Amino acid sequence: MRPVEESGKQPRRPGRPGGTRRSTPPTGRPQRTGRGPRRADDGPRRAGADRTARGGGDRGARGGGDREGRRTPPRREPATRRPGPVGRQDGQPPSPAVEESGVGEVLSPETLDELRETARPHAFGDASRALAEAVAALSEEDDPQVAVQAAKAAKRAAPRAASVREALGIALYQAGDFRAARTELAAAQRISGRVDLAALLADIERALGRPERAVALFERSDRSRMAPDAAAELLLVAASAYGDLGQPAAGVALIRRHARWPVELADHHLRLAYAEGALAEQAGDRAHARAAFARVVRAAPDFHDAAERLERLGAG
């Protein structure tokens, strides 16, 4: 994503909420070529590394950026490793295909049940192994093309599985193929009925040079149906889209209108506050920028360059 910095130029996105600190700022846009953007604190957990393992959970965008200001993927979680093999929710043991390949250590029981219901005849084993390979590649920060090819194989075996389409969309996003990623993620959202892919879809609109669509997506999304960090990520994307449009003050106003600041700030609160400070500084509102960066520094003194930016803004 285009950074919300003073110049407004582009210099160059599921850490975990409340987890480790990011090393790069949570603003900017996804890169368009080469390896897809990575989360700064530990990978979006790769732009989506834990949810398939959890069976669809609450994770949403987790967006950060590299030191040049580009966005890392909003945090989607289609897969994280599980501590050990898991059985069916109905108490039945995993199928032999799952047990032999070890995919039960990667995919959740819910995801495996979805594959059983949606895979083509006799293709459950192929679908589960391919999806497990894709989410493992995303989780381990391998070349995104490895995840893309594995997810495409999973799609051939189970084209109606939301978890498969989401994993493919995330892999394509990481690889910089934003149009194809948008198609797959929209399909995953349509199949599942979830709304928590909105931030990633909005981020893609920014990457495609359509920030106004990112703002529109924010306006029509029901953030009350999202996990707090997914909702915060969508807010961050929309505010940064105003920066793309040359309206950083509108981005600040959007954050001020919708953000809530608890006593103890989680990772998504820190990202929002940092973005608020960067947008305010871009808008020339030094007092507001100082206040936003001070909020970050009080909670996490080592969060990106917030302390340096606060010092640069001075006390007056």
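User: Which residues in helix 8 meet which residues in helix 10?
Analyst: From helix 8 there are Ala 198, Ala 199, Ala 202, Asp 203 and Arg 206. Facing them in helix 10 are Ala 230, Glu 233, Leu 234, Val 237, Ser 240, Ala 241 and Asp 244. Contact means heavy atoms within 4.5 Å. This is a predicted model, where local features need pLDDT of at least 70, side-chain atom pairs count only at pLDDT 80 or more, and totals for chains, interfaces and linings use all residues. Residues are numbered from 1 along each chain as its sequence is written, and side-chain values use heavy atoms, with hydrogens and water left out.

User: At what angle do helix 8 and helix 10 pack?
Analyst: The angle is about 15 degrees, and the axes are 8 Å apart. Helix 8 spans residues 198–207 and helix 10 spans residues 228–244. Axes are lines fitted to C-alpha atoms, for helices over the stretch in contact, and angles run from 0 to 180 degrees between N-to-C directions. Helix 8 and helix 10 are therefore roughly parallel. Angles under 35 degrees count as roughly parallel, over 145 as roughly antiparallel, 65 to 115 as roughly perpendicular and the rest as oblique.

User: Ser 240 was in that list. Is Ser 240 buried or exposed?
Analyst: Ser 240, in helix 10, is buried, because its relative accessible area is 0%. Buried means under 20% relative accessible area, exposed over 50%, and partly exposed in between, with a 1.4 Å probe and protein chains only. Ser 240 and Val 215 lie 25 residues apart in sequence, and their C-alpha atoms are 9.2 Å apart in space.

User: Let's step back. How many helices and strands does the protein chain have?
Analyst: The protein chain has 14 helices and zero strands. Helices (H or I, at least four residues) and strands (E, at least two) are DSSP runs, numbered from the N terminus. Of the 316 residues of the chain, 60% count as buried.

User: What is the mean pLDDT of the protein chain?
Analyst: The mean is 76, and 67% of the residues reach 70 or more. pLDDT is the predictor's confidence in each residue, from 0 to 100. Over residues 1–25 the pLDDT is below 50, and that stretch has 139 contacts in the model beyond near neighbours in sequence. Residues 52–100 are also below 50, with 256 such contacts. Where pLDDT is low, the predicted coordinates should not be read in detail.

User: Back to helix pairs. At what angle do helix 3 and helix 6 pack?
Analyst: Helix 3 (residues 109–118) and helix 6 (residues 162–175) pack at about 110 degrees, with their axes 8 Å apart. That makes helix 3 roughly perpendicular to helix 6. Thr 111, Glu 114 and Leu 115 in helix 3 meet Ala 162, Ser 163 and Val 164 in helix 6. By type, the residues of this contact are three nonpolar, two polar and one charged.

User: And how do the axes of helix 13 and helix 14 cross?
Analyst: The axes come within 9 Å and cross at roughly 145 degrees. Among the residues in contact are Phe 293 and Val 297 of helix 13 and Leu 310 and Leu 313 of helix 14. The residues of the contact divide into nine nonpolar, no polar and four charged.

User: What sits in the loop between helix 13 and helix 14?
Analyst: His 304 is found there. The phi of His 304 is positive, about 50 degrees, although the residue is not a glycine. Most residues other than glycine have a negative phi.

User: Which other histidine has a positive phi?
Analyst: His 122 does, at about 65 degrees. His 122 is in the loop between helix 3 and helix 4.

User: Are these two histidines buried or exposed?
Analyst: His 122 is exposed, with a relative accessible area of 86%, whereas His 304 is buried at 12%.

Key. Nonpolar A, V, L, I, M, F, W, Y, C, P; charged D, E, K, R; others polar.
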